[in-house]
Amino acid sequence: MSEINLELNSIVMRFGGNQAVDHVSFSVVEPQLIGMIGPNGAGKTTLTNVMSGMLKPTNGTIYLNGRRIDGHPPYDVVRAGLGRTFQITRALGRMTVMENMLVPGLAIRPRARQADIEARAHEILDLLTIDHLTNELSRALSGGQRKLLELGRLLMLDPAVIILDEPFAGVHPRLQETIYSYIHRVHEDGKAIILISHNMGAVFELSQRLIVLNNGALIADGEPQAVKSDPAVIEAYLGEDE
Amino acid sequence: MGLLLRIEEAVDAGIGRRRLGYALLALIVVYFLWFPNDTTQSNYAKTVFISGFFYAIMSSSWALLAGIAGQFSFGHMAFMGIGAYVAGLAARDGFAFLTPESVSSVGAIFIGTLVAGLVGLVIGWLLLRLRSAYLALFTIAFSELFRIVMLTEYDYTGGSNGLSLRPLLQIADVDTARQVEYYLMFALLIVCLLALYWVANSPVGLFLRAMREDEDAASALGVNVVRYKILVFVFTSMIVGLAGGIFYSDIGSERIIPEQLEILQMSLIIAYAVIGGMESLIGAAAGAFIARYLLEATREVVITLPFGLTMADGADAFVWEPGAWRYALFGLVMVLTLRFMRNGLLYPIITWFSGRDIVMKETVAKRESDEDHAARLEAGDE
Ligand SMILES: Nc1ncnc2c1ncn2[C@@H]1O[C@H](COP(=O)(O)OP(=O)(O)OP(=O)(O)O)[C@@H](O)[C@H]1O
Ligand SMILES: [Mg+2]
């Protein structure tokens with residue numbers, strides 16, 4: 001089990017006058033499965049972008065296992081041990097499924113033998129039920145298969161903390177089950193997972209801890225059952241169709 | 001069609017496509033090695049080939065930069081020019097602490113190559129945050145700036161008359177000289193292609209393609225996009241800087257002129273690569289060579305009339321000097337290529353020999369929708 005100590009201190013992300021993330025602080029110190037919810041536009045993706053290094057926060061600091069990672073480019077953050085998927089999948093379209101897997105594999109372990117990395121890739125693709133598509137260009141994959149590929153690529157990085165931004169969105173229910181078992185499996189491997197989803201059923205079933213964002217601010221953080229009955233959370237979701 | 005299929009089957013059952021491809025490639029190399037010994041060929045024909053090799057280097061290295069790494073740069077000719085001009089200046093006026101006498105032709109070319117690489121480093125760094133159209137605009141501006149400086153600083157550069165480099169070879173006999181020049185340029189092309197392929201087939205090549213597909217995604221997957229973007233600019237700039245230094249050291253041409261650095265010339269490099277296949281290094285090289293050859297061969301089109309027919313003026317042949325129309329025709333070919341064969345005219349041939357089209361056919365058969373995939377999983381669960 002890898003060491004985990006992620007710490008966000010008062011993260012602020014402003015776009016012009018729009019405060020998309022508003023003084024968010026929390027920490028992750030064990031391989032928990034954490035659900036992150038909040039209405040549309042609450043700032044979940046923006047916070048993910050800040051944590052993964054795609055955005056430099058206007059204010060605040062982030063430490064991962066003692067290393068400061070805020071404002072560092074994504075390829076450094078990934079090496080520090082934090083990886084993420086994209087809400088809108090970003091397959092490397094004109095590269096094959098295997099090449100999509102090799103890119104992170106070789107980027108992180110340049111000295112490893114390519115055959116070993118390929119073997120690992122096959123294991124992961126098999127787990128995700130897309131091993132038969134190894135030589136397919138990733139742009140030819142179906143929507144759900146692309147989501148699966150993105151989850152697979154992420155594992156090649158072997159990060160200690162992974163953020164999944166809407167992994168179930170638009171995916172066939174049967175493939176969602178595959179993603180479920182993936183999440184269980186990865187969690188059992190001792191990784192911390194932050195699961196962002198509008199699928200409340202999945203979030204409540206999977207999460208050991210729940211973080212709620214609203215208008216960029218963290219309004220609740222704790223046991224799912226306690227958070228569910230928190231008046232501030234009920235207030236935030238009032239009028240939502242959930 | 002039936003015959004072609006039969007041939008395909010025979011090849012697959014026998015020697016195999018890949019090996020046949022390599023065999024053909026070896027034959028082509030042998031032909032080029034033999035060519036200067038063909039006594040029926042003039043020195044002029046050798047000159048055309050030498051320039052073909054030079055442009056093959058230009059287009060194939062641009063293919064790595066633009067086709068594989070996705071950096072659609074218009075600065076490629078300028079980097080070539082930097083290599084040539086710096087080599088010329090180093091040999092004539094000396095360089096930093098070196099006196100002109102102490103700089104040999106080879107030394108001058110070496111300095112030119114290094115400077116091209118250094119400028120590539122700076123430009124690569126400046127381009128880090130620029131994408132697509134902005135990158136193209138920036139490199140056009142850089143290229144024009146360089147050309148205009150070369151044109152206006154005539155005290156140093158000779159202005160529009162150009163700059164002579166110190167000749168690389170001292171061979172009195174013209175025929176021998178041409179022969180050696182030919183082999184030198186051909187060897188340079190082979191070395192450059194090997195270097196380009198080595199990079200393209202290494203993990204670096206994989207990272208460059210990932211950056212081309214989606215720079216942010218590549219970065220999130222651990223690819224140091226800053227390092228590789230700069231690296232590809234330095235590498236390709238040094239290749240064309242070297243090629244420029246050698247070509248203009250009286251190998252293919254005895255002086256570098258600013259006209260060579262015009263956007264039109266750069267566009268031709270791009271056109272050769274596009275026609276041959278931007279994402280294939282050998283395709284781009286072949287495209288450039290063939291295009292140069294055809295442009296040369298069509299300076300004057302002579303069609304001997306059959307059946308004893310004569311033209312109005314009594315001549316027995318139709319003679320047409322297309323002049324600049326060749327380029328217009330050529331532009332048309334490029335437009336049609338882009339419209340109907342995005343991967344270049346040579347792409348089908350290259351994929352066939354590599355056997356990639358077999359893999360593609362197999363995988364297309366495996367394509368499925370989310371529903372099909374789910375149904376297959378359901379069936380497997382029982
Ligand atoms: N690059 C940007 N520039 C300006 N505003 C932005 C940018 N990215 C996000 N925002 C704004 O930040 C706010 C938070 O958006 P974000 O995408 O993080 O929400 P979210 O919680 O992920 O929503 P959803 O559930 O719909 O995915 C929104 O008001 C959005 O318009
Ligand atoms: Mg979002």
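**Ground rules.** I number residues from 1 along each chain as its sequence is written, letter chains from A and number ligands from 1 in the order in which they are written. Because the model is predicted, local features need pLDDT of at least 70 and side-chain atom pairs count only at pLDDT 80 or more, while totals for chains, interfaces and linings use all residues; side-chain values use heavy atoms, with hydrogens and water left out.

**Entry 1: strands in chain A.** I took helices (H or I, at least four residues) and strands (E, at least two) as DSSP runs, numbered from the N terminus. Two strands pair if DSSP finds at least two bridges between them. Which strands does S1(A) join? Strand S1 (residues 6-15) of chain A runs antiparallel to strand S2 (residues 18-28) of chain A, with seven bridges. S1(A) is also joined to strand S4 (residues 59-64) of chain A, again antiparallel, by five bridges. I looked up one partner on each side: Arg14(A) bridges to Gln19(A) in S2(A), and Glu7(A) bridges to Tyr63(A) in S4(A). S1(A) and S2(A) make a hairpin with two residues between them. Gly16(A), in that turn, has a positive phi of about 60°.

**Entry 2: cavities.** My cavities come from a 1 Å grid over the protein atoms alone: each is a set of points where a 1.4 Å probe fits but cannot get out, and lining residues have an atom within 4 Å of a point. Grid points are joined across faces, edges and corners, and a volume is the space filled by probe spheres set on the points. How many cavities of 30 Å³ or more turn up? The search of the whole structure gives three.

The largest cavity holds about 60 Å³. Its lining draws on both chains, including Arg84(A), Phe86(A), Arg153(A), Ala217(B) and Leu221(B). Helix H5 (143-156) of chain A and helix H10 (215-220) of chain B each supply at least two lining residues, and H5(A) gives the largest share, three. I sorted the lining into five nonpolar, one polar and three charged residues. For this, Ala, Val, Leu, Ile, Met, Phe, Trp, Tyr, Cys and Pro count as nonpolar, Asp, Glu, Lys and Arg as charged, and the others, Gly among them, as polar.

The second largest cavity has about 40 Å³. Among its lining residues are Lys147(A), Leu151(A), Asp165(A) and Ile179(A). Thr85(A), Phe86(A) and Glu150(A) line the second largest cavity and also line the largest one. H5(A) again gives the largest share, three residues. By class I noted four nonpolar, one polar and three charged.

**Entry 3: magnesium.** What coordinates the magnesium ion (ligand 2)? Thr45(A) through OG1 and Gln87(A) through OE1, at 1.9 to 2.2 Å. The two are 42 residues apart: Thr45(A) sits in helix H1 (residues 44-51) of chain A, Gln87(A) in the loop between strand S6 (82-84) and helix H3 (97-108) of chain A. Donors are N, O and S atoms within 2.8 Å of the metal (3.2 Å for Na, K and Ca), and water is not among the atoms, so sites may look incomplete. Buried means under 20% relative accessible area, exposed over 50%, partly exposed in between (1.4 Å probe, protein chains only). Thr45(A) is partly exposed because its relative accessibility is 26%, and Gln87(A) likewise at 36%.

**Entry 4: chain B.** I counted 17 helices and four strands in chain B. Of its 382 residues, 47% are buried. Helix H11 (residues 225-251) of chain B is mostly covered, with 20 of its 27 residues buried.

Conventions
On a 1 Å grid over the protein atoms alone, a cavity is a set of points where a 1.4 Å probe fits but cannot get out, and a pocket is an open set with protein on both sides within 12 Å along at least five of seven lines; lining residues have an atom within 4 Å of a point.
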